[in-house]
Each structure stands twice: as structure tokens, then as C-alpha cells.
Amino acid sequence: MKKLLFALLLACALPAWSALDPAVVHKLADDDSDQKIAAIQQLAQSVDPVAERLLKALSEDGVYVSGDTVFFSEGDKPVDAVTGKVIATPASNDSISINNRVRGVLDGALAGVKLFDPDAAVRLAAARALQEKVTPELIPLLTRAAKAETDAKVAPVIVQLLAQANLKNPDPVARLVAVQALAESASPNTRSLLLPLTDPATEKDDKVRAAAQTSLRAIDGKLAWGENLGRVFTGLSLGSILLLASLGLAITYGVMGVINMAHGELLMVGAYSAYAVQSLFRHYLPGAIDWYLPAAVPVAFFSAAIVGMVMERTVIRWLYGRPLETLLATWGISLILIQGARTLFGAQNVEVANPSWMSGGIALLPNLVLPWNRIVIIGFALSVLLLVWGLMNKTRLGLFVRAVTQNRPMAGCVGVPTQRIDTLAFGLGAGIAGLGGLALSQIANVGPEMGQGYIVDSFLVVVLGGVGQLAGAVYAALGLGIVAKFLEGWAGAVIAKIIVLAIVIVFIQRRPQGLFALKGRFADS
Amino acid sequence: MSTTELIREMPQGSGTEPAPGMARVVQPGEVDLTHGVILYLDDITVSFDGFKALNRLSLAIGVGELRCIIGPNGAGKTTMMDVITGKTRPDSGKAFFGQTLDLTRLREPEIAHAGIGRKFQKPTVFEQHTVFENLELAMKTDKRVRKSLFFRLDDAARDKITDTLKLIRLDTVADRPAGLLSHGQKQWLEIGMLLMQEPKLLLLDEPVAGMTDDETMRTAELFVSLAGKHSLMVVEHDMAFVEKLGGKVTVLHEGSVLAEGDLATVQADQRVIEVYLGR
Amino acid sequence: MRTSFTERALVTLSPGGWRALAAFLAVMLMGVPLLHLAVPAGSPLHVSDYVVTLTGKVLCYALVAVAMDLVWGYAGILSLGHGLFFALGGYAFGMYLMRQIGTDGSYHSTLPDFMVFLDWKTLPWYWQGSDHFWWAAFLVLAVPALVAFVFGYFAFQSRIKGVYFSIITQALTYAAMLLFFRNETGFGGNNGFTDFKRILGYSVTAPETRVVLLGVTSLALAGTLVLARWLVTSRFGRVLAAVRDAESRAMFIGYNPLWYKLFIWTLSAALCGIAGALYVPQVGIINPSEMSAAASIEIAVWVAVGGRGSLIGAIVGAIAVNLAKSWFTVSFPQYWLFFLGFLFIAVTLFLPEGLVGLWRRVQAHWAKRGEAMEWPPAPLEETAKPVASTVVPPPVPVVPLTEERPA
Amino acid sequence: MKRCIALKAVTLALIAAVGQSASAAEDTIKVGILHSLSGTMAISETALKETALMTIADINAHGGVMGKKLEPVIVDPASNWPLFAEKARQLITKDKVAVVFGCWTSVSRKSVLPVFKELNSLLFYPVQYEGEELEKNVFYTGAAPNQQAIPAVEYLMSKDGGEAKRFVLLGTDYVYPRTTNKILRAFLKSKGIADADIMEEYTPFGHSDYQTIIAKIKDFSAQGKKTAVISTINGDSNVPFYKELGNAGLKATEVPVVAFSVGEEELRGVDTKPLVGELAAWNYFMSLKNPQNDAFTKMYKEWAVKNKLPNAETAVTNDPMEATYVGIHMWKQAVEKAKSTDTDKVIAAMSGQTFKAPSGFTLEMDPKNHHLHKPVFIGEVKGNGQFNVVWKTKGPVKAQPWSPFIAGNDKKKDEVVASK
């Protein structure tokens with residue numbers, strides 16, 4: 001209560017000359033985290049706009065000490081932390097660093113301040129952010145916010161927050177009310193808060209314990225839902241990754257019969273394209289950095305396609321009908337591409353950042369966050385699939401490709417430029433691989449060796465699906481993804497991977513031609 | 001005997017057949033020919049993705065018979081041979097070699113051992129091997145791995161190969177890799193390999209394609225001379241050749257038998273003219 | 001016309017071939033030991049232990065290459081999983097070597113070190129008996145052969161061939177690699193087996209032991225070569241090639257390809273096992289990375305570079321690629337992958353029959369110019385048949401336009 | 001017959017060519033650099049090769065060692081473990097190097113170890129590892145588990161570290177993570193953490209899909225106690241792991257992750273914004289402020305620019321690079337003390353060597369156990385890919401290569417024993 005009074009005093013007293021208590025501000029520079037936390041909590045209780053600015057700067061590592069002056073930078077200008085006025089750049093500066101513990105309190109404090117934002121959406125976001133940081137110290141603030149709150153969406157969240165904060169209230173009645181209120185929640189966080197209340201060692205009151213049990217059961221039921229949905233989603237998302245990684249191969253190998261061991265390196269070319277485009281954007285269009293990814297789509301496609309066409313023209317062309325030798329030659333190409341990337345971009349992985357619109361996720365259920373990058377990739381896989389399907393089935397190029405791969409001499413006779421079609425088709429497959437690489441750059445490493453990790457999986461998908469069958473590849477990729485994810489939950493990642501490989505081996509024994517076998521007289525000749 | 005009569009004599013599968021795919025070695029000479037019939041096909045259906053390549057096909061070949069099979073493209077001729085030689089398993093129906101051997105339960109090498117030899121539509125010989133070696137490989141002998149490892153060619157076998165070489169007129173090129181032979185020569189070589197195999201039943205898929213007229217006539221003579229000792233089933237488009245063979249003719253259409261009889265009768269059949277000859 | 005077995009064994013190689021083999025064995029069994037042990041280290045004629053171990057390693061690779069060539073060159077089965085059999089042989093013998101360390105490990109326990117610090121109290125069942133040399137030697141042959149037999153039986157039974165077969169062998173070795181990486185599998189995880197002390201009671205680092213190991217490796221290679229040569233020139237070899245070139249024809253004349261393929265496949269795996277067992281004491285380590293997909297592809301590359309379908313070619317390829325690798329990694333450490341990559345492309349594009357094919361071409365060229373009287377002599381493989389690249393079965397056709405397929 | 005003669009001639013020529021020792025000029029000392037420049041480990045090891053070259057160039061510029069210039073011999077073992085042994089033998093016997101700086105993975109060290117023992121040569125190993133080894137011919141300039149893992153866990157259990165009560169031990173399935181986690185489990189037990197509060201998870205090499213594992217961690221952390229993750233995920237798998245972590249909304253303030261294999265170099269390949277606050281434990285961070293480190297980082301940046309290393313403008317230094325730098329300097333000092341490059345003399349001279357390291361502390365080579373006494377720092381990831389040191393030991397910590405948390409080690413001597 002003292003703190004609150006103090007804060008209220010500050011709140012009433014300070015606006016007159018709008019400055020913070022220098023003693024409090026200086027505590028921020030203390031080496032001891034406890035002091036820092038105390039200072040932050042004091043600042044948060046004030047409704048001074050300077051305090052909010054200061055805390056925000058602190059969370060961004062932007063508060064400095066120079067001698068006796070504590071200042072923070074705001075748009076490159078040093079601002080005095082006590083007065084909130086711009087000052088001359090001090091001679092020296094030491095950044096005030098914060099650790100996780102302080103940061104946690106700070107995030108809560110910032111959210112607390114935002115609870116009084118005029119914009120309801122901001123208040124809602126702040127309230128949600130507070131869900132994981134509620135401490136009994138926040139009760140006064142929350143009470144105030146609950147009273148002031150008018151928005152129908154925000155109010156119940158704040159009530160829940162209050163309930164959370166009250167879980168440690170010494171008054172059993174307050175605890176009981178809080179526990180009952182929390183049954184409505186479905187967040188794993190609430191669950192962890194309620195758990196101690198079911199333990200007789202920590203919770204003496206029987207009624208509260210029983211209520212906590214009931215609430216926990218209600219929450220668990222909701223959580224189980226989320227878990228299973230999550231498993232399906234992760235399976236889908238792994239499947240879509242596998243599909244993107246193998247779709248290009250489904251064309252170059254499946255349709256054209258070229259065993260392209262450099263397929264992984266075509267993925268790498270696509271991923272490095274994303275990196276290159278990102279670098280260009282950083283350099284020339286820093287403002288539009290978030291849009292580098294759409295811009296990288298054609299770049300990835302065409303650079304991989306060009307690499308593919310060059311490969312086809314110089315090497316693969318001479319090896320048609322000799323698939324096992326293509327395997328060796330393309331393996332040579334893959335070595336060259338790997339070392340090329342290493343020479344060009346360095347042996348280290350390079351950083352490809354998710355655009356901000358791909359960061360974070362949708363909280364479908366409190367324990368089921370669907371990350372945006374996964375959702376985007378699933379969508380991307382779908383559109384690439386549609387593109388390939390359209391190209392192969394609805395365009396003249398696709399018609400020619402199918403004609404050439406089925407009967408080369410006949411296609412040549414009826415005027416299909418077979419050599420050009422070969423090059424274009426291989427380029428298409430390589431380009432699709434490039435798109436796959438672009439997608440991979442958003443979730444995995446981008447480095448010279450990245451392609452090697454996908455080559456075995458890609459071949460398995462294509463072979464399992466049935467060579468020459470796009471639909472087969474889709475089913476195989478999704479099937480493998482979901483099976484792998486369910487096994488992983490049950491047996492751990494290592495064993496799951498081994499089991500999946502074993503399943504594929506056994507499956508191919510049973511159906512040597514894959515899921516979508518072609519039957520017929522010459523199907524196995 | 002007409003086909004219907006033959007079918008009536010069809011053996012009803014005994015209960016003691018081995019499971020499919022089991023590597024049962026069939027001893028040559030085991031074929032039971034007591035009813036004078038070497039091959040029964042009964043009600044065989046094969047479909048590929050819903051398309052019926054064979055549609056309730058029934059056919060029987062007598063011992064020592066020379067049968068010609070004709071029919072337009074897509075009539076199911078090759079598929080029928082695939083079924084007989086174990087390459088394709090029928091969806092339904094029975095295929096018996098002699099009275100006792102259920103062909104649908106045997107694998108290709110077992111069927112070959114039982115005494116069925118097949119010549120492919122496209123001549124298929126071992127192109128890396130010499131003509132001599134091709135015949136040697138085809139020769140009737142124990143073809144298991146262990147025997148192959150320690151196999152030595154004896155004089156009798158050598159003589160037999162030489163005889164066959166002369167018969168198929170390839171004795172001058174015995175040491176040439178088969179891949180270097182002309183199309184017609186390859187056809188002959190494949191026939192020669194069939195003869196080395198000493199089969200009871202020969203399936204010949206377009207054996208004279210790519211041969212000169214002279215060679216064709218010689219082939220016809222050879223086949224006629226073989227009939228009696230062996231049973232032959234010849235698929236051919238060349239009507240002159242079929243006429244020269246002079247055996248019974250079966251017309252296939254859309255996977256089943258359309259007509260059967262000697263060539264003249266068949267050629268006179270209105271339905272045959274419609275679907276095939278009349279075009 | 002009956003000939004004795006010895007007589008038949010003798011004709012498997014030409015007289016020139018036997019002479020070359022004898023010369024090779026003389027160098028390896030007498031020359032190298034003499035130059036390594038008797039010639040002082042300072043002398044330019046001294047063969048250093050580096051050369052001895054490198055030679056031993058390369059000869060092991062050559063042995064693997066011959067095994068690979070038997071299945072790929074002569075039976076048309078491209079395995080991308082031969083590294084697995086090699087590693088299994090290596091692990092089987094490595095178990096023996098680990099047990100031979102006895103209590104000299106850093107924990108002075110009878111258990112191998114990695115088991116001690118993982119808190120294993122007793123040997124797992126599959127380690128039982130591994131301290132007996134002959135049991136280890138048996139495992140070296142039996143484990144790869146058994147794995148190959150079981151896998152091959154089902155694969156060949158299901159008529160899996162060509163690229164499909166290659167891909168699933170790759171999946172097999174990859175799965176095995178993951179399994180062996182696990183500490184819990186009981187084979188030392190990623191670190192594998194290393195720091196061997198002795199073999200049959202002799203120190204592994206003693207120069208004499210090294211020389212003996214090299215000699216045994218040379219003998220194994222020579223023996224394998226003669227055996228392989230005998231196999232491929234027998235009727236069995238002809239049937240194998242027949243199966244490779246026209247499998248259905250071979251079936252329709254009564255050969256069951258299953259057993260032919262399975263025999264050569266299992267034999268090849270066992271030979272790889274021997275190579276692995278000889279490799280481990282010479283390089284001093286075995287770890288699961290030998291089972292990586294890339295390692296197995298490299299084996300195929302040796303054979304392709306040397307010349308598929310020629311046993312000498314396989315040996316030449318393994319030696320050439322590995323020496324090139326050893327040399328490049330020292331002279332051009334940054335660029336050796338470029339060289340290696342270009343080498344593979346060039347060989348497949350311009351030398352479809354590998355170095356041996358090039359040699360034959362050069363020879364033919366000289367012969368034409370009438371200079372063949374003196375040099376070069378007949379190649380080791382007089383009757384080796386050219387393996388045209390077209391022999392490789394075509395890829396699985398996509399939508400075959402056959403007369404009996406509806407449009 | 002001619003063929004045989006020719007064959008012998010070729011063989012002799014080959015032997016002569018290979019066998020001849022490169023007769024180097026007498027005024028240089030050769031040192032070997034044994035780091036993978038290709039293959040999977042190139043990602044980490046290339047930087048160490050550069051650091052070694054830089055340090056050698058620096059030493060040469062300052063007069064070399066005993067008036068002689070150092071001549072680096074670089075080979076590429078290509079991330080292939082048997083090749084490591086072969087290359088090591090080549091460096092020692094053919095190139096006659098006085099010392100080898102190299103290796104990263106434990107298996108590569110295990111592979112070359114017998115060679116160094118047999119030929120009695122010297123290896124400086126600069127990477128943190130699982131311990132359980134002590135060899136006369138090796139100097140370990142990286143951390144033993146007690147110089148990295150245990151302080152990190154102690155920090156997590158401290159007030160500032162968040163007072164973690166539940167631990168997820170997450171690693172790639174191989175020896176280093178397994179051993180480290182075994183030690184940590186024993187340590188946690190000694191601190192009163194129940195087995196039920198420890199979750200151990202392993203992923204295969206190159207694993208790139210961490211969705212399931214992150215979901216498991218979330219679930220595990222929702223059991224009512226503060227949870228922390230201790231990650232021994234290896235190499236390439238870190239990027240997908242951290243990306244997934246960021247996207248799943250598992251923030252460092254709730255469930256902190258402390259990693260033992262993630263340094264500045266690895267963070268170059270990651271978008272660090274979502275990772276702010278995640279922890280790493282090392283014996284050196286680039287962000288340390290002291291004159292030695294300023295000089296070291298400046299030297300490396302200039303080296304990167306001068307040698308046109310890829311992405312030279314963002315070149316960073318990290319812990320194993322510092323360990324390489326320290327190792328080479330200590331070796332130089334020992335050679336000068338011993339006035340010889342003879343292995344045994346240098347080993348004797350190494351004991352008790354000190355060096356003012358970029359970590360800001362004066363490091364000492366333990367007189368007995370061939371490990372450095374090193375300070376331990378805990379850093380939090382900052383938005384710019386650097387680490388903010390939030391905790392450090394008072395001074396250098398002595399290494400315990402034989403962890404007391406592994407049964408039976410109490411009987412082991414903490415000093416090298418000459419191998420038999």
C-alpha cells in the first residue's frame with residue numbers, strides 16, 4: 001500500500017513540472033537487479049509519459065549513464081531521463097543492460113502502462129501480454145484498470161488478470177473466487193498457476209483446493225484439443241516442407257527421368273537468392289524490407305532455373321537414357337555448387353530473416369499458436385503445386401513436356417522442339433526447386449551444405465509417391481509429414497526418423513511402383 | 001476337338017498347389033498331357049486401370065498343335081502371352097499348363113522350366129553376349145545358381161549348339177556379340193534360343209517382323225516342322241505367313257475370342273471382317 | 001574335355017594378369033616391408049608410415065570398389081548403400097579391437113570407455129564373444145551378408161530395380177547411420193570406436209603390425225580379384241550379365257533372377273565387410289559417418305571413374321580418386337571439391353567407360369599406328385567386354401504409350 | 001616383362017616423391033592447421049583456420065618465435081574423421097610440423113589422438129567438449145563441462161537467472177550432449193531437483209523440424225514451476241530450433257534457453273530479434289570490453305577485410321577463436337621458454353604458462369591437467385547478434401576433465417600420465 005501511495009503521490013505531484021524522481025531513475029543504473037526492478041515498478045505505477053518513454057527505451061537497450069546523468073535515446077537524440085528534455089550528447093556513455101528477470105518485469109510494467117491507452121486494441125494487447133506476468137504487486141494497478149475499463153472485449157481479460165493476481169491473496173475467499181474465475185481460461189499458463197493450489201502443502205483451504213481441481217480439469221480438457229490439433233498442424237506443415245523440397249525433383253526426376261543429385265543444391269540456390277534479395281533490400285530499400293520475400297520469389301525461381309538450364313545444356317543433355325550416370329555427373333555438379341557457394345558466400349550460414357508479417361503466430365487456442373511462417377509456407381506450397389499442375393496440364397509447354405518424355409522420337413516427328421523442351425522442362429523443375437529453397441530459407445539454415453540435408457527425403461517422397469505422379473508426391477509428402485510427427489510425439493525424434501525410413505523401405509517392397517503405380521504391360525519393364 | 005470340348009475337359013484346380021510365389025522347382029516332364037491338351041485358358045480377365053485388356057478369354061491348345069492368333073492392335077494378344085508366362089496375373093480366371101500346372105501360381109522361371117518358351121514381339125536377346133553364348137545360356141539344363149557357378153560345357157552340348165546355329169543359319173557369326181546382328185538375325189537367334197530350351201509349348205509374338213520374304217518362308221517351314229513335336233502359338237499380322245503355317249486360327253478382339261477355325265473360314269466371318277480384315 | 005578345378009582357376013586371369021598380380025603382391029609383401037622396416041627413415045628410399053597406412057586405406061577402398069563393381073558393373077544393380085556393409089564389417093571388427101584394449105583404456109575397466117562413462121554395467125548381449133578373434137572374423141562376414149541377404153531377398157523378390165533400388169539402399173544406410181549415431185545403440189555413438197591398442201596381442205601402432213596389415217589387405221584384394229574374375233567369367237557371370245541386360249528374357253528361359261542377384265549382392269556385401277574390417281585397424285577409427293549417403297555415392301564414383309564392368313577399372317578408379325583426394329586436400333584445400341566435381345562430370349561425359357576405357361582407346365589408337373608390337377602389353381583383362389552405356393536399363397517410363405492402353 | 005619393370009619404376013618414383021621430406025629452409029618453424037574447410041564442419045572450422053593464420057601472421061610480424069618465422073601448413077580433412085587421422089600423420093611425419101592446431105568435433109579429436117600419441121607430437125584443441133579425457137599430447141584450450149555447463153545451470157537456478165526449478169535437457173543425439181546431460185542430471189540431483197522435473201530430448205543430426213519438441217517444452221513448462229531449457233543442439237540444427245522458438249512465442253523471459261554451442265558466429269546465420277534474452281555460456285564473448293579484446297577483435301576484422309573473407313564487414317570473433325589465439329600464443333611462449341620445439345620440452349614448459357587473454361583475464365595452463373583455467377561468462381543475446389554479459393565468475397575456474405558427477409571419476413588422477 002505504501003508503494004501505491006507513493007506512486008499516487010508521484011502521480012499527483014509530478015505532472016506539475018513533469019519530471020521523475022532522480023533517485024528512482026538512478027536506481028535503474030544500479031548493478032543489482034533487485035534495485036532495478038524496484039525502480040521499474042515505481043516508474044510503472046506513475047502515469048507520467050516520460051516514465052513510459054524511459055521504460056520503452058530501457059526495453060530496447062537504449063538507456064545510458066554518463067556520470068550522474070541518466071539519459072535515453074529517442075530517435076538518435078539523447079533525452080534526459082529525469083526531465084524528459086533533449087540534452088546535448090554527453091561525452092561518455094555506458095549502456096544500462098538488463099537481464100531476463102528485469103526484462104520480464106519491464107515487459108509487465110510497459111504492458112501495465114498501456115492498460116490505460118486510449119486505444120482499446122492496445123489495451124487488449126497489453127492485457128494479453130500481462131497474462132504471463134501477473135504478480136500480486138499489480139493488483140492495485142489492475143483494480144484501477146478494471147474500474148476504468150469500458151470495452152466489452154478488454155474487460156473480461158482484465159478480470160481474469162485480477163483473478164490470477166489474487167491467487168496468492170492471503171484471504172481464502174478471494175482465492176476461491178479467483179480460482180473459479182480461472183476455469184474459463186484455457187491457457188497453459190493458468191494451468192501452471194493453478195497447480196500449486198491443488199497441493200495441500202501450499203494450499204491450506206479445502207474449498208479452494210477442490211475448486212482448483214475442478215478448474216484444472218476444465219482447462220485440461222481445452223488443452224487436449226489444442227494438442228491434437230497442433231499435432232495435425234505440425235504434420236501438415238512438415239508435409240508441406242517436404243513437398244516443396246521434392247516438387248522440383250518430381251519434375252526433373254519423376255517426369256524427365258533425370259536423377260538429379262544436385263537437386264539439394266538447387267534448393268540452396270533458391271535460398272541464397274532470398275538472402276541476396278534481402279541484402280539488396282537492406283541496402284537500397286530499408287523501408288520496404290518486409291517485402292523482400294515476394295520480390296525474391298521470381299529471383300529464386302529464375303536463378304535456380306538458369307542454373308538448372310545451364311546444367312542441362314552442358315551436362316545432362318548428353319546423358320539422357322543413362323540415369324545412373326546422370327546420378328554421378330550431377331553429384332559432381334552438386335560438389336561444385338556447394339564449393340561455389342562456399343567461395344562466394346563463405347562457409348558460414350547466412351542470415352535470412354522472416355519478414356515481420358511472417359513472425360509470430362495466430363493463437364488459435366491458448367496453447368495452440370500457429371506460427372505465421374508455417375501458415376505462409378503451407379499456402380505457398382499449395383500455390384506452387386497449383387502452378388506446377390497448371391503448367392503441366394494446361395499449357396502448351398506442359399503438353400510438349402509430357403509428349404517428349406513419353407515418346408521422344410514421335411514428339412520430334414510432329415514438330416516438338418525436343419531439345420528446347422528438355423532444357424525448359426529441366427529449367428522448370430530447377431526453378432520449382434528454387435522456390436522450395438526460398439521457403440526453406442524461412443525456417444531452416446541457409447548455408448552451402450543445406451541442400452544435402454534434403455536430398456534423401458526428397459527422393460523418398462518422389463519414389464514413394466510413384467515416379468511421374470505429382471499427386472503421388474503430394475500424398476507421400478503429407479503422409480510422411482503427419483506420420484513422422486505423430487511418431488515423434490510418441491517415440492522421440494531420432495527413433496521416429498528411423499521408423500519412417502523403415503516404413504518407406506517396407507512400403508516400397510510392397511508396392512514397388514509407389515502409391516500411384518502405373519499398371520500396364522510396360523509399367524515394370 | 002473344338003475349344004468348347006477342350007474347355008469341358010479343363011482340370012478343376014486341385015487342392016495341393018503351392019502358395020503363389022513359392023520357389024517350387026518344376027521338373028521338366030512333369031506336365032500331365034493325358035487329355036491331349038497342353039494349354040487351357042478359362043475365363044481370364046485382366047484389367048489395367050479399369051480398362052479390360054482381356055475380357056473373359058477362354059482358349060485351349062492341343063498337344064502338338066500349331067495355332068495362329070490374329071487380331072487388331074489392342075486385342076489383347078500380348079497380354080494373353082503375359083498371362084501364360086506369368087508376367088501378368090489375371091484378375092480372375094484360370095490358366096493351366098497340361099492337366100495339373102496352374103500357371104497363375106507360378107513365376108516366370110518356373111513356367112519356363114515347366115516347358116513354355118516365349119519369343120517377344122521385339123526381339124530380345126542378350127546383346128552383350130555372343131550368339132553362341134546366347135544359345136548356351138538358353139540351353140535346357142539346371143539353371144540354379146550353384147550349378148551355374150561350376151558349369152562346364154560338354155561336347156554333347158557343344159554339338160547341340162552347333163546344330164542349332166546351323167539351323168538358324170547363324171553359324172558364321174557365332175562369336176559376334178548379338179547386339180551387332182540385324183533385326184532379322186536377332187529374330188532367328190531368339191527362335192534358336194527357344195529351341196535350345198526344348199519347350200513343349202512355344203509362344204511366338206510376331207516372329208517374322210523385320211524378316212525378308214525368303215526368311216519368312218523359311219521360318220514358316222521351320223515352324224511347321226516343329227509342330228507335332230512341340231505345340232506352337234503364333235501371333236502374327238502377316239497373313240501370307242499365317243496362311244503358310246496352315247494351322248487353326250483364333251481371332252481376338254477386345255480381349256476375347258471373336259472367331260476360331262481355319263484361315264479361310266475366319267476370313268469369311270462377317271464379324272471378323274468388320275473389326276479387322278475389312279478395315 | 002574335363003579340366004581340374006585348379007586348371008580352371010588358372011585361366012581366370014591371363015598370364016600377363018597373373019604376372020602383374022604377382023608383381024603387385026611382391027611389392028606389397030616384400031618391397032614395402034623392406035623399405036619401411038629396413039631402410040632408415042632418413043633415406044629417400046624409406047617408405048614412411050604415412051605411405052604405408054595411406055596405401056593400406058586405399059587398398060581397402062579398392063576392395064570395396066571391386067565388390068561394388070560386381071553388383072553394379074556385372075549385375076546392373078547400383079547400390080547407394082554399400083557404405084553400410086563396409087561400416088558393418090568395420091564395426092564388427094572394431095568391437096574386437098575395443099575388447100583388445102582390455103583395461104588399458106582411460107577408465108581401466110574391462111568395458112569399453114564409452115560404456116563406462118555412460119554408466120553401463122555389463123556388456124550388451126551383442127557384444128558377447130567379441131573378444132574372440134574368430135568370432136569377430138565370423139561377424140565381419142556374417143553381419144553384412146545377413147543384412148544384405150534379408151534386404152536383398154525382399155527387394156529382389158518385389159522386383160525392385162534400377163533407380164528405385166538405389167534410392168531405398170540409400171534410405172537403408174541413412175537409417176542405419178541415425179541408429180548408430182545414438183549413444184544408446186551401444187556402438188559409441190558419434191565418436192564410434194577409436195584409440196585401438198592391439199590386435200591379436202600385437203600393438204596396432206608397431207611398424208611390423210602395419211606392414212602385416214598391409215600385406216593381409218593386399219592378399220585380400222588379390223584374392224577378391226581372382227574370385228571376382230572367376231565369377232564373372234563363369235557361366236554364373238554370363239547369366240548375371242544376361243539378367244542385367246534383359247531380365248525378362250533371362251526369366252523366360254528359366255533363370256530365376258532373384259537368386260542370381262541375391263548371391264552376388266550378398267557376396268558383395270561380405271566382401272565390403274572384409275574391406276571394412278581391414279580398414280578399421282589401419283585408419284584407427286570407425287564412426288557412423290561411413291554410413292552417410294555421400295560415402296556410398298563416392299564408392300560408386302570410384303567404379304565409374306575407373307570403368308564400370310571392369311574389375312581392374314574398379315581398382316584403378318578407387319586408387320586414382322583417393323590419391324587425387326589426398327593430393328588435392330593438401331595442395332588446394334579450398335578448391336579440391338571443384339576438381340573432384342569436374343572430374344566426375346568429365347569422366348561421365350567423356351569417358352563413359354572410365355579410365356580403363358580411355359586406356360583401351362589409347363591402345364587401339366596406337367595399335368592402328370602399328371606401334372603396338374612393343375608397348376603396351378595386353379591389358380590384364382583380355383576378354384573384358386565393353387560395357388556400352390546404353391546397357392543401363394532405361395528409367396521407369398512415365399506413361400507408356402502402349403497399344404493396349406486407353407488414351 | 002617390360003610392364004613389371006615399368007610398374008616397379010613407377011612405384012619407386014612414387015615412393016621417392018611421397019617419401020621425400022620437404023626440406024624447408026632452416027629459419028622457419030612449421031605449424032600444422034587441421035581444420036575442415038569443406039564438409040559439414042566447415043561452417044565452424046573455417047573461422048578457426050583464419051584465426052590461426054592471423055595469429056601466426058601477427059607473431060611473425062612481431063619477430064616470430066626464437067627469431068624464426070612460423071610457417072603454417074594447412075590441410076583440409078574435409079569433415080571426414082579417418083581423413084583427420086591421415087592428415088595429422090601427414091602433417092607430423094611428412095611436413096614435420098612442430099605442433100598442430102586443430103579439430104572441432106570430439107570424434108575428430110578421438111580420431112587423431114592415437115596418431116599424436118604414437119608420434120609423440122602436440123595438438124592444441126580449442127573447443128569446449130565433454131571432458132572424460134586427459135592426454136599428454138593434447139592441450140585443451142576450450143572448456144571442460146565444469147567451465148561452461150555447470151556454471152550456466154547454477155546461474156539459471158539463481159535469482160537473476162529466474163530460479164528455474166524444472167529443466168529441459170535438449171540435445172543432438174551424440175556423445176557431447178549425452179555426456180554433458182549426464183553430468184548435468186547428476187548435478188541437478190545434487191541440488192535437489194527430482195527426476196520428474198527433468199526432461200531429456202534428443203534429435204538426430206541435421207534435424208530441422210522442431211515443432212513437436214517446442215510443443216513438448218511448452219507442455220512441460222506448464223506444470224507450475226519455472227522452467228529452463230539447456231540446449232546442446234549441434235551446429236546447423238540451431239537455426240531451425242531458434243526460428244521455431246521465436247515463432248511459437250516462447251520468450252526468454254518465460255522459458256529461457258541456455259546454449260553451449262551457440263556463439264557469435266552461429267548467430268550470424270539467425271535473425272536474432274526474436275531471440276533477445278536467450279542465454280549462452282562461454283569463456284569469452286566478443287562484446288567483452290577490455291584492451292586485449294579490443295585489439296583482438298580489431299585485428300580479426302582487419303584480417304577479414306584484408307583477406308577478403310566472405311562477409312568480412314560483419315566478421316565476428318567467438319570463444320573457440322579466442323581459444324585458438326590463446327593456444328598459439330601459449331605455445332609460442334612455451335617454445336621460447338624451452339628454447340626448443342621438441343614435444344616433451346614444450347610440454348614441460350607449457351605447465352603454468354600464463355597469457356593475458358581477450359577474455360580480460362590472465363589465463364593459466366594448469367600445471368598438471370593440460371586444461372586452461374578459464375573464466376565463465378553468461379551472455380544474453382542482444383538484437384544485434386552480440387551477447388550482453390549478465391553474469392561471470394570472479395576469476396578463472398580450474399577445469400575438471402574428469403567430472404566428479406560421473407561415477408568412478410573420483411578415483412581418477414587429475415593429471416596427465418605418460419601413455420604406455
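Predicted model: local features only at pLDDT ≥ 70, side-chain atom pairs only at ≥ 80, totals over all residues.

Student: How many residues do chain A and chain D bring to their contact?

Tutor: Chain A supplies 57 residues and chain D supplies 54 residues. Together the two chains bury about 4,200 Å², with 44% of that on carbon and sulfur atoms.

Student: How many salt bridges are there between chain A and chain D?

Tutor: The general idea comes before the count. Side chains of opposite charge can pair when their charged atoms come close. Between chain A and chain D there are 6 salt bridges. One of the pairs is A:R374 with D:E244, whose closest N and O atoms are 2.4 Å apart. On the side of chain A that touches chain D, the residues divide into 20 nonpolar, 22 polar and 15 charged.

Student: How many salt bridges does a search of the whole structure find?

Tutor: Over all chains, the search finds 61 salt bridges. Among them is C:R198 with C:D104, where the closest N and O atoms are 2.5 Å apart. C:R198 belongs to strand β2 of chain C and C:D104 to the loop between α4 and α5, so this pair ties together parts that are 94 residues apart in sequence.

Student: Which residues form the nonpolar patch on the surface of chain C?

Tutor: The patch consists of C:L146, C:F149, C:V150, C:F154 and C:W259, and their accessible area together is about 470 Å².

Student: Which helix gives the most to the patch?

Tutor: Helix α6 of chain C, residues 133-157, gives the most, with 4 residues. C:W259 lies in helix α11, residues 257-283.

Methods:
Residues numbered from 1 in each chain as written. Chains lettered and ligands numbered in written order. Heavy atoms only, no water. Contact = heavy atoms within 4.5 Å. Buried area = accessible area lost by both parts, 1.4 Å probe. Salt bridge = Lys/Arg side-chain N within 4 Å of Asp/Glu carboxyl O. Nonpolar A, V, L, I, M, F, W, Y, C, P; charged D, E, K, R; others polar. Patch = residues over 30% accessible without salt bridge, like charges linked within 9 Å, V, L, I, M, F, W, Y side chains within 5 Å. Areas by Shrake-Rupley, 256 points an atom, 1.4 Å probe, with all protein chains shown as cover. Helix = DSSP H or I, 4+ residues; strand = E, 2+ residues; numbered from the N terminus.
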